[in-house]
Amino acid sequence: MKDERYLVFALGKGRLADKTIELMEKIGITCEEIKDKNTRKLIFVNEELKLKFFLAKGPDVPTYVEYGAADIGVVGKDTILEEQRRAYEVLDLGFGKCRMCVCGPESAQELLKHHEMIRVATKYPVIAKDYFYNVKHQTVDIIKLNGSVELGPIVGLSDVIVDIVETGSTLKENGLKVLEEICPLSARMIVNQVSMQMESERINDLITRLKEVLDK
Ligand code: PRP
């Protein structure tokens, strides 16, 4: 094999990483070590293919890619929109499908119609701000939360929430519903802008092979 440098992948920890590993295996890229759930290791190497993989918190993946610490990242579209990092988004991986929505109790539907000042709780302040200010032209008070955002309207912190809806069961079990849809989401592959030039052959080959299995 010619003297290649390692291509480095940053994968968002959890289900997205598991799905990414499954997908990579379909194109012959394997990394057994990374599948060991008991390991505390953070970085995994496939010496033969000159690849390295590391697992990071989802919101940090675009940061590693922008700075070139990873050539390639796999992360949700929600994180890409929220983090606003410089990177090329090259592929929709088709898994992790869900929607970014404005949700709340039925009674809050009316509040979204008249440009009223309302409170919006969310883990995604950038996305929420963009939607309310630039799409709806509604002035809102955005309250950043770090999880269990559905609590917002239930405990009286906010009128509505902006959050991810996958099956809708969290909303249903808490007496809330989707009031407006902001955008569809899924896992995406992102690439560092310099790597895309310097390693274009290997990265384009990877994208082509992934597209082939995704199209099947
Ligand atoms: C996400 C999201 C919703 C839930 C949606 O939360 O924030 O709460 O999943 O899924 P569903 O429509 O299938 O019920 P996550 O489990 O990531 O935890 P979090 O509340 O701590 O963000």
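Start with the lining of the second largest pocket in this predicted model: by class, you'll find six nonpolar, three polar and six charged residues there. To get to the middle, select Lys 13, Asp 36, Lys 37, Thr 39 and Leu 55, which lie nearest the pocket's centre among its 15 lining residues. The space inside comes to about 310 Å³.

Next stop: the largest pocket, with about 990 Å³ of space. Helix 3 supplies the largest share, five residues. Colour by class and you get 15 nonpolar, 14 polar and 14 charged. Then colour by domain: domain 1 (7-96 + 186-215) and domain 2 (98-183) each put at least three residues into the lining.

Now move to helix 4, residues 125-135, and show Ile 127, Ala 128, Tyr 131 and Phe 132, which are buried. Look down the axis: these residues sit on the same side of helix 4, because they cover an arc of only 115° around it. What do the buried residues of helix 4 pack against? Select helix 3 (77-83) and strands 6 (98-104), 7 (118-122), 8 (140-144), 9 (160-165) and 10 (177-185) to see their partners.

Last, click on His 137, which follows helix 4 and has a positive phi, near 55°.

Methods. Residues numbered from 1 in each chain as written. Predicted model: local features only at pLDDT ≥ 70, side-chain atom pairs only at ≥ 80, totals over all residues. Heavy atoms only, no water. Buried < 20%, exposed > 50% of the residue type's maximum accessible area, 1.4 Å probe, protein only. Helix = DSSP H or I, 4+ residues; strand = E, 2+ residues; numbered from the N terminus. Arc of directions from axis to C-beta. Contact = heavy atoms within 4.5 Å. 1 Å grid on protein atoms, 1.4 Å probe; cavity = no way out; pocket = protein on both sides within 12 Å on 5 of 7 lines; lining within 4 Å. Points joined across faces, edges and corners; volume = space filled by probe spheres on them. Nonpolar A, V, L, I, M, F, W, Y, C, P; charged D, E, K, R; others polar. Domains from an automatic or database assignment.
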